[in-house]
Amino acid sequence: MNCKACQENMFDAVAAGATTLSDEPSAHQQSCPACREYYELQVDLVRSIDSGLQAMVNQEMPASLLAVARNRLTQQPIVQPSWNYLGTFAVLAAVTILAISIGYIRRPNVYPNSGGSASVYSGDKGNQAPGLQLPPKSVIDSRPRTGKRTGFLSLQPVSSEATAGGSHQVIVLVEEQRAFAKFVADLPREPKIAQALTRPAPVALDAPVDIALLRIEHMELKPLESTQGE
Amino acid sequence: MQELVLSQPGKLLAATAAGDAAKSGALVELEQLLTDNAPLAYRVALGVLRNPAEAEDVAQEALLRAYRRFHFLRNSERFRSWLVRISFRLAIDRLRSLRRRIERETRWAEPGLRPPPQSTEVVAASNEFQARLARALDDLPDGQRLVMSLTAIEGNSVDETAAILGVPAGTVKSRLFKARKFLMEKLR
């Protein structure tokens, strides 16, 4: 064993708190004065560290510590454990989540005012325009679904009797129906636009509306005026 | 040893009159635990701060915190370990706060107002070693530092330190070994 390996071994042994060295380093340091001196230095150093640390921490606790702690404690009352707090918190959290969920479900439906939507269908297959594919038994809304419940969507399947009788069916949201009726009612004043309609605006809101396939050469998108339900 | 009567007498009497013996018993037990372990909390803080006044303040805070949060401690047998950790953590926080304050004040202080540096002749050899040791301790990781302090306090053995901290004895040995190596290299 050379001096370097021996000193590393001794250093680790002293740091680990070993009181004796293993055989090889012990034999080496007995025959090597430098290593023996190194070992004694390391032992002294650890003793100094331990005694210095003990002198640092092992001081008497001041007598005032407990008295001051007592005074401070009487000024600050103890907080007793109360599981009622947890229960109250749980109930409040549940109510809050429920309220948020209800508000989310019942929030007003806001659809983008996209020109590509068509929620009005004709059930008359005989007059169906070429290229216009209609659902055979039920009428569905062709707007893209967002997966959110709307709460007031009045989408209803067309009854088989109504379809069989050849009568026209209009399936449309109440708000859109009103807006569309207003739009149609205003059309006579806009002759250029009125050319696209098959007939003027219906008198009653519930009256069926014929929709033919439109050829749109120019389109200007404008937001609908708000209705009462919006 | 000095008695620590932390609960208000009226409160204790009322609790007893109401038949709530368990509650008052727990309070008495807690007060006894605090009284018995107050010196340990103080010495742990002193090992970090090396300033008796600061250590006393931190130990008081640790006792109050332990008293207020005793109901969070599920096993009262771990109280000693819990209080040591509270005291150590508070002391570390206080030390960092003090260092920041000193740095701030040193940065802004007028050079003429600063105290003259002590010459090496003035500083005794032992004091110099203590100062070097203190600086080296400050550079130790928290876990190793706590183990070093606890083994130094009242000569706690490895097993006693492990019991106080609630960690295996091997962990204490390993931390001690690393801490000693670090200090020896710093102080050689």
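Me: How are α3(A) and α8(B) oriented to each other, roughly parallel, antiparallel, perpendicular or oblique?
Reply: In this predicted model, α3(A) and α8(B) are roughly perpendicular to each other, where 65 to 115 degrees counts as roughly perpendicular, under 35 as roughly parallel, over 145 as roughly antiparallel and the rest as oblique. Their axes come within 10 Å and cross at roughly 110 degrees, with axes being lines fitted to C-alpha atoms, for helices over the stretch in contact, and angles running from 0 to 180 degrees between N-to-C directions.

Me: And which residues meet there?
Reply: From α3(A), A:Gln42, A:Leu45, A:Val46 and A:Ile49 meet B:Arg180, B:Leu183, B:Met184 and B:Leu187 of α8(B). By class, the residues of this contact divide into six nonpolar, one polar and one charged, given that Ala, Val, Leu, Ile, Met, Phe, Trp, Tyr, Cys and Pro count as nonpolar, Asp, Glu, Lys and Arg as charged, and the others, Gly among them, as polar.

Me: How many residues of chain B are in contact with chain A?
Reply: In chain B, 38 residues are in contact with 31 residues of chain A, two residues being in contact if their C-beta atoms, placed from the backbone, lie within 7 Å. The largest share of the chain B side, eight residues, comes from α3(B).

Me: New topic: how many helices and strands are in chain A?
Reply: Chain A has eight helices and zero strands, which are DSSP runs numbered from the N terminus (helices H or I, at least four residues; strands E, at least two).

Me: Why does A:Asn9 count as buried?
Reply: A:Asn9 counts as buried because it has 20 C-beta neighbours inside 10 Å; the cut-off is 20 or more other C-beta atoms within 10 Å for buried, 12 or fewer for exposed, and partly exposed in between, with C-beta atoms placed from the backbone. A:Asn9 lies in helix α1 of chain A, residues 3–15.

Me: What about confidence, which element of chain B has the lowest mean pLDDT?
Reply: That is helix α1 of chain B (residues 9–17), with a mean of 45, while helix α8 of chain B (residues 169–187) has the highest, 92; pLDDT is the predictor's confidence in each residue, from 0 to 100. The whole model scores ipTM 0.70 and pTM 0.52.

Me: What should I know about numbering and cut-offs?
Reply: Residues are numbered from 1 along each chain as its sequence is written, and chains are lettered from A and ligands numbered from 1 in the order in which they are written. As this is a predicted model, local features need pLDDT of at least 70 and side-chain atom pairs count only at pLDDT 80 or more, whereas totals for chains, interfaces and linings use all residues.
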